[in-house]
Amino acid sequence: MKAIAGRQLASGEMTSVLSAVSANPVEHGEVFTRRWIVDLILDLAGFTADRDLATLVAVEPACGGGAFLAAMAGRVSASCRKHDRSILDAKSALRAFDLLGPSVAASRTLVRNVLTDDGWSLPEASELAQAWVQQGDFLLDPQPPVNVDFVVGNPPYVRLEDVPADRMLAYRAACPTMTGRSDLYVGFYERGLKSLRPGGVLAFICADRWMRNQYGRHLRELVSSSYSVDLTISMHDVDAFEEQVSAYPAITVLRRAAQGASTVVDTRRSFGPQDAPELVESIRANAPTAVSSGSFTAARLTHWFTGEGPWPTGSPSRLALIESLNDRFPLLEDRSTGTRVGIGVATGADKVFVTKYADVEPRRLLPLSMVRDTASGKFEWSGHYLVNPWDEDGVLVDLSWLPRLRAYYERHAVALKRRHVAGRRPGQWYRTIDRVDPALVDRPKLLFPDMKSAIHPVLDAGGYYPHHNLYYIVSDVWDLRVLGGLLLSGVAQAFVEAYAVRMRGGTLRFQAQYLRRIRVPRPGSISLDDRAALATAFDARDSQAATEAALRVYGIEAMGDLFGGPAAGRGGS
């Protein structure tokens with residue numbers, strides 16, 4: 001991994017960026033994966049000397065100075081000795097790529113030294129070094145590797161906007177998963193995965209943001225459709241590199257196979273080379289229950305999470321809980337119960353549309369619920385209105401019939417017309433961004449402030465329309481006090497923490513996409529006693545009592561560490 005101008009960039013990046021490194025490596029700093037981490041990854045991938053590695057094919061897509069390549073060459077050498085082979089039998093066993101000539105030369109020298117130190121002749125070592133290491137762009141190679149057994153390494157970590165425009169377009173064309181503000185490593189995952197034979201393994205140490213953020217959604221979809229997530233190891237606090245980096249690294253082991261059981265590991269700062277053998281042994285043992293040591297915790301899931309949506313994060317025990325609840329309970333938003341999650345009205349000009357008084361026709365003032373109205377846990381209206389341009393059928397009103405409303409809007413025409421929505425629809429320059437749904441006004445609703453450290457459902461019994469900083473839940477079947485008790489509990493909090501973006505200071509975003517991830521029991525499956533307990537806890541704002549009732553309803557025996565503390569590694573993108 002190479003660090004340039006504050007970014008952590010792995011070896012093998014575009015020439016225009018990394019030429020600066022070769023010119024002045026001291027100033028820019030080269031950061032490489034520690035050898036014990038390399039050995040751990042190779043062990044987890046199954047690239048071990050007891051196998052006949054000369055008959056297999058392994059790819060290092062961005063070899064840089066050769067941190068992975070040296071270890072791989074050593075293992076191929078040991079395997080040839082063990083299986084009584086000539087080292088030249090392994091001429092096709094390794095393929096390593098790098099864009100920079102100096103890196104290629106350094107890697108070839110390193111390979112020659114490893115092999116000659118192991119007793120092979122210099123001509124043999126030179127021949128293999130030349131065959132194994134090639135100068136080229138792994139993402140744009142016109143003859144990419146196919147039917148590969150292993151793809152291993154530490155791929156480049158750099159934003160695509162830092163890549164020259166022509167090369168960026170070429171990368172996007174070659175790797176469809178690289179969308180939006182993608183990082184280059186997404187393409188290395190895609191190309192690496194597609195090069196695997198059935199049963200082949202990809203093992204990378206890389207930033208884990210692709211598992212959660214928007215630009216990783218197509219890569220997650222690709223993985224979910226055709227590959228198995230065998231293992232993830234969070235290493236956020238581990239000293240994994242030769243120099244300090246600010247990324248959130250994780251080891252992922254993916255296999256070209258149907259999804260099977262998956263192991264999740266979270267390491268502590270103390271995790272080091274002395275702990276790696278124990279971790280490998282525990283993973284190979286396929287222990288059905290959680291494993292914990294002084295330096296790591298691990299849990300085995302029956303399967304991984306699917307789809308392009310963000311994958312959950314947190315401790316292994318929390319992920320095991322989320323997986324179990326996902327399998328056993330339906331989603332909160334459910335057509336069969338008429339339960340829906342939504343967001344309040346966005347105006348694009350709150351100073352015009354949101355007010356406590358306006359000289360307009362009285363029916364054009366719609367009582368508006370605001371975040372401040374929910375602060376105490378009981379709905380307390382602050383007296384705000386929406387100056388509402390929509391009629392009772394959800395149609396934009398004709399201002400010619402409403403002279404006071406027309407005069408009000410015209411006084412603010414400059415501010416209203418410079419909004420993007422007005423530019424797209426000049427004839428509707430006085431509309432709000434969102435259409436008002438008249439049927440929502442009188443419905444009872446659970447309201448959720450957008451930003452809060454803990455989940456905070458508040459009941460609006462009806463008569464108000466939510467502002468866009470509030471999310472809401474309505475239902476045809478649920479008693480909202482009972483549902484509110486479930487959503488006040490630590491179980492609902494665990495779901496949101498597992499999926500949501502955590503801001504600085506520990507604040508969570510309680511957006512619709514995260515609320516929709518919550519799983520709930522069928523309303524009819526909850527006993528009368530538990531319904532009463534949940535409703536009472538909701539009325540009293542007693543999250544502990546709500547959690548105790550929720551544990552019974554969900555069939556969770558004990559909380560353990562499932563609901564405590566922030567979800568590890570969640571950050572904005």
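These are my notebook entries on a predicted model of one protein chain.

**Ground rules**

I number residues from 1 along each chain as its sequence is written. Because the model is predicted, local features need pLDDT of at least 70 and side-chain atom pairs count only at pLDDT 80 or more, while totals for chains, interfaces and linings use all residues; side-chain values use heavy atoms, with hydrogens and water left out.

**The whole chain**

I began with the secondary structure, and the protein chain has 20 helices and 22 strands. Helices (H or I, at least four residues) and strands (E, at least two) are DSSP runs, numbered from the N terminus.

Next I looked up the box filled by the C-alpha atoms, which is roughly 95 × 55 × 40 Å along the principal axes. The chain has 573 residues, and 56% of them count as buried.

Then I turned to contacts, meaning heavy atoms within 4.5 Å. Among contacts between residues at least 6 apart in sequence, 74% join residues at least 24 apart.

**Helices α3 and α4**

I looked at how α3 (residues 35-45) packs with α4, and found an angle of about 55 degrees and axes 10 Å apart. Axes are lines fitted to C-alpha atoms, for helices over the stretch in contact, and angles run from 0 to 180 degrees between N-to-C directions. The pair is therefore oblique. On this scale, angles under 35 degrees count as roughly parallel, over 145 as roughly antiparallel, 65 to 115 as roughly perpendicular and the rest as oblique.

On the α3 side I listed R35, V38, D39, I41, L42 and D43, which meet A67, F68, A71, M72 and R75 in α4. By class, that contact has seven nonpolar, no polar and four charged residues. Ala, Val, Leu, Ile, Met, Phe, Trp, Tyr, Cys and Pro count as nonpolar, Asp, Glu, Lys and Arg as charged, and the others, Gly among them, as polar.

**Helices α4 and α5**

I stayed with α4 (residues 67-82) and checked α5 (residues 101-117): their angle is about 30 degrees, with axes 9 Å apart. These two are therefore roughly parallel to each other. From α4 come L69, A70, A73, G74 and S77, and from α5 come S107, L110, V111, V114 and L115. I counted the classes here too: seven nonpolar, three polar and no charged residues.

Most residues other than glycine have a negative phi. D84 is exposed, with a relative accessible area of 73%.

I found N147 in the loop between β5 (133-135) and β6 (148-153). N147 also has a positive phi of about 55 degrees without being a glycine. N147 is exposed, at 53% relative accessible area.

Is T313 buried or exposed? T313 is buried, with a relative accessible area of 5%, and sits in the loop between β12 (296-301) and α11 (316-328). I also looked up E497, which is 184 residues away from T313 along the chain, and their C-alpha atoms are separated by 7.8 Å.

Methods
Buried < 20%, exposed > 50% of the residue type's maximum accessible area, 1.4 Å probe, protein only.
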